[in-house]
Amino acid sequence: MRARPVSPSLLVEELAGLIADRPRDAWVRVAVDGAPAAEPGRLADDLVEPLRLRGREVLRVPAAGFLRPASLRLEFGRNDPDVFHDEWLDVGGLVREVLGPLEPGRTGRVLPSLWDSERDRATRAGYVTLKPGGVVLLDGALLLGRGLPFDLTVHLSMSAAALARRTPPEERWTLPAYERYERETGPVRAADVVVRVEDPRHPAVVSL
């Protein structure tokens, strides 16, 4: 693998150009995948305005709004990395409410969030209708290898040492889940674009 260092601003411009160059008569479903330490939400946020300046309607959808209820997520305890890996994300809800409606010929009617995991109740968010050509930017962890129908996937990659160093102590129980993700899913090879972020302030675009 080769890594090409870029500034955060150049990374955003390159990704925005890649997304905006896709056909304008179809929706674009983009995943920004990475552990919280890699800051996928920040990158997704930074892409919004450059895409709008390129004439694209944009909707941000954090995967955190599609976690399953606590009774299901925490059924086997609060710190089970395998359950975190396999069961926390409501994959069916994401397909039904976000990704499926953006298939060709569908309605474009999207629900930006489904479940508030802090309050453990439905968010009661309103539906948003995206016109064809609109972009959904979905950020979160462990998104790849689940059969989710994305049009472009960006993976923010960190070494195990960097991830451990940048993960707060109270969240380190999740580290075995990311080790399993690397081993079983291989996100570096599964993603369309890979960005090395040992330090998110100094990214590097990876070529395989």
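Is tryptophan 88 buried or exposed? Select tryptophan 88 in this predicted model: it counts as buried, because its relative accessibility is 16%, and buried means under 20%.

Now bring in tryptophan 173. With tryptophan 88 it makes a tilted pair, 5.9 Å centre to centre with 50° between the planes. This pair links distant parts of the chain, 85 residues apart: tryptophan 88 lies in the loop between α4 and α5, tryptophan 173 in the loop between α6 and α7. Tryptophan 173 is buried as well.

For another arginine over a ring, go to arginine 109, which lies over the face of tyrosine 127 at 4.0 Å from the ring centre.

Next stop: serine 159, in the loop between β9 and α6. Its side chain makes a 2.7 Å polar contact with the side chain of glutamate 198. A polar atom of that serine 159 side chain also lies 3.1 Å from the backbone nitrogen of alanine 162.

Finish with the strands. β9 runs parallel to β10, joined by four bridges, and serine 157 has arginine 196 as its bridge partner in β10. On to β11, which runs antiparallel to β10 with three bridges; there, alanine 204 stands opposite arginine 196.

How values were computed
Residues numbered from 1 in each chain as written. Predicted model: local features only at pLDDT ≥ 70, side-chain atom pairs only at ≥ 80, totals over all residues. Heavy atoms only, no water. Helix = DSSP H or I, 4+ residues; strand = E, 2+ residues; numbered from the N terminus. Polar contact = N/O pair within 3.5 Å; in protein donor to acceptor, adjacent residues only side chain to side chain. Pairing = 2+ DSSP bridges. Buried < 20%, exposed > 50% of the residue type's maximum accessible area, 1.4 Å probe, protein only. Phe/Tyr/Trp six-rings, centres within 6.5 Å; stacked < 30°, edge-to-face > 60°. Lys NZ or Arg CZ within 6 Å of the ring centre and 35° of its normal.
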